[in-house]
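Here are my notes on the model, for you to check against the coordinates. Please read them with the viewer open.

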Amino acid sequence: MKKIVSMSLISCLVLILVLTGCSSSNSSSSSTSNENSKEFTYWYPWGGDSEKWDKERIADYEEEEGVKVNAVYVPDGITNGKLLSAISGGNPPDLVLGDGNDYQLAYSLASQGALEPLDQYLENAGFDENTVLDGFRSLMKQPDGKTYILPQDSNVNLLYYNVDMFEAAGLDPENPPTTIEELDQVAEALTKLNNDGSIETLGFIPWIDAGEDPYTWPWAFGATMYDPETKKVSLNEKSMIDSFKWMDSYAVRYNPEKIKSFTSGFGGAFSPDHPFMTGKVAMTVSGNWFANALKIYSPDTKYKVAAIPSPPEGRKDSSVFGTNVFFVPKGAKNPQAAINFALYGNQDKVLADNINIWRSISIWKEKSDAIQWENDQVYETVLKVAESPDSGHPALTSVASEMGDELTSIRDKVIYNHEDPSQLLQKSQDKLQEKLDKK
C-alpha cells in the first residue's frame, strides 16, 4: 500500500540537513560512532504478524550475539518526516527498515546525503554483493558507486480474482484476463448496477489497493518515466498517457463520484470489510502478502491469482517490486552493529520464516530449501512475475518521491475532472527535470 507522502515536508527537512551540515559529505558517523557497542536502535514499520515475526528475530539475535536491540515501532517513520527530524536533531536510529514502497524514498534520501554509505560495514561483515539477484543490485547503489540500501526481501503485485463470482457470471476462472482489453471485458461482465443506477458490485476498480500506487499502471503499460543514462525524466510519453486515459475510462463508465461513494465504506487490506473479501469487488490488484490477509480475514473466499494484465505494447507478466530495505541514517552511532543485524535477518534460516508467511521473494541468487510453497498457485505466480525481466524498480532517481506525488495528483485530476493527461504530464515532467538538474 502506497503511503501518502508529504514531500514538501521532507524536502524542507532535507534542506535543514544541508544547512546544518548534517548531510554534508564531510559529516561522517566515524567521529561519533561507537563501534564496540553492543547496543543499537532499530526502527521497524509494521505491526501485526510482521511485528511478531520481527520481535522473534530480534530476540533470537540478542540471545545468539549478546547484543541489545532497542527496537522501536515507527509506522510511516520515513514518509511523515520523523526520520529526517531525528537526523537533523542529531539523534537518528542506527538502522531503519522501510517497507515495500519506501525504497524510492530511501533512494532519494541517499542522493541527498541523508544516509550513510554501507560499503565498509558490509565488507567488514563479509557481505558479497554478487550473491544478490541482479534485479536488486541497481537499487542498492547510487550513481557514485557507493552502496546505501540493503534489501531484505521483496514483493510483487498480482491480479486477485473471485472464483465464485467468475463462475456466476459465466466466466472461466482457469482463464483470467491477460490483456487490458480482456480485463475490461471481464470487469464489465462482473459488474452489477441497481435499478436506481447505484453500484451493487464492481468487476474492477483500477485505483484501489496496489492500483493506488502511482507506478503500478504506468509500469504495466510500458512507461519509462526516467532514463538513468541520460538523466532525463520522461512522463509525457504515449504509454503513460494511455494508462491515465484507461483509468479515466472506468471513471467515465461508472461515474467517479458513484465509485467514490461506493468505496467510502471499504475496509483496508487487513480487514474483513475489504471489498474483495465482502464480494463488492470481483478483482483487485494487490501484493503477494494479501493472500495471507485473505487466509486470516476471509478464509471462505475462493480466489485465484494471475499476473497483472497489460496492453500489447506494455510489460507482460510483470510487476513493480515492493522491496523492503534496510538503511543507516546519517549520524548513526553504531552502523556496524546495525548492518550485522540486517545481514543476520537476511540469513536463509531467518528469512525463510518470513517468506513462508507472506509469500515474499528472496533477494538471493541461491534457492532456499526452507521455503515451503511448493505447488502453491499463488507462489508459483509470484515467482513467475518476479523472474520476469520486465519486473523492476521504476524511477530510481533523486526525484522519485516527488514524481510519485505528481503522478498521484495527475491521476486524481484525470479520473475526477477528466483533464487532459498529456498537458499535466508535460508540466510535471518539466518541473521534475528542472529540480533534477539543480541537484
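The points below cover basis, sheet, helices and aromatic pairs.

1. Basis. This is a predicted model: local features need pLDDT of at least 70, side-chain atom pairs count only at pLDDT 80 or more, and totals for chains, interfaces and linings use all residues. Residues are numbered from 1 along each chain as its sequence is written, and side-chain values use heavy atoms, with hydrogens and water left out.

2. The open sheet. Six strands run in the order β2-β1-β3-β12-β4-β13, with mixed pairing. Helices (H or I, at least four residues) and strands (E, at least two) are DSSP runs, numbered from the N terminus. Two strands pair if DSSP finds at least two bridges between them. The edges are β2 (68-73) and β13 (361-362), each pairing on one side only.

3. Inside that sheet. Strand β3 (residues 95-98) and strand β12 (residues 324-327) run antiparallel, joined by three bridges. G98 has V325 of β12 as its bridge partner.

4. Helices on the sheet. Helix α2 (residues 48-65) packs there and touches β1 (39-44), β2, β3, β4 (150-154) and β12. Its direction makes about 165 degrees with that of β1. Helix α14 (residues 335-345) also packs on the sheet, touching β1, β3, β4 and β12, at about 55 degrees to β1. Contact means heavy atoms within 4.5 Å. Axes are lines fitted to C-alpha atoms, for helices over the stretch in contact, and angles run from 0 to 180 degrees between N-to-C directions.

5. Strand β5. How many residues of β5 (residues 157-162) are buried? Six of its six are. Buried means under 20% relative accessible area, with exposed over 50% and partly exposed in between (1.4 Å probe, protein chains only). N157, L159 and Y161 point one way, while L158, Y160 and N162 point the other. In a regular strand the side chains alternate between the two faces of the sheet.

6. Partners of β5. Strand β10 (residues 283-287) pairs with β5 in the antiparallel sense over five bridges. There, L158 stands opposite S286. Strand β11 (residues 303-306) also runs antiparallel to β5, through four bridges. Y161 stands opposite K304 in β11.

7. Helix α11. In α11 (residues 256-263), the buried residues are P256, I259 and F262. Seen down the axis, they fall within an arc of 120 degrees, so they line one face of the helix. The arc is that of the directions from the helix axis to the C-beta atoms. Their cover includes β7 (199-201), α10 (238-254) and α17 (400-417).

8. Aromatic pairs. The whole structure holds 25. Rings of Phe, Tyr and Trp (its six-membered ring) pair if their centres lie within 6.5 Å; planes under 30 degrees apart count as stacked, over 60 as edge-to-face and the rest as tilted. F40 and F341 have ring centres 5.7 Å apart and planes at 50 degrees, so this pair is tilted. F40 sits in β1 and F341 in α14, 301 residues apart. Both are buried.

9. Another pair. W246 and Y250 are edge-to-face, 5.5 Å centre to centre with 75 degrees between the planes. They are about one helical turn apart because four residues separate them in α10. W246 and Y250 are buried too.

10. Cluster. Y160, F270, F276, W289, F290, Y297, Y303 and W358 form one aromatic cluster. Y160 is also among the buried residues of β5.
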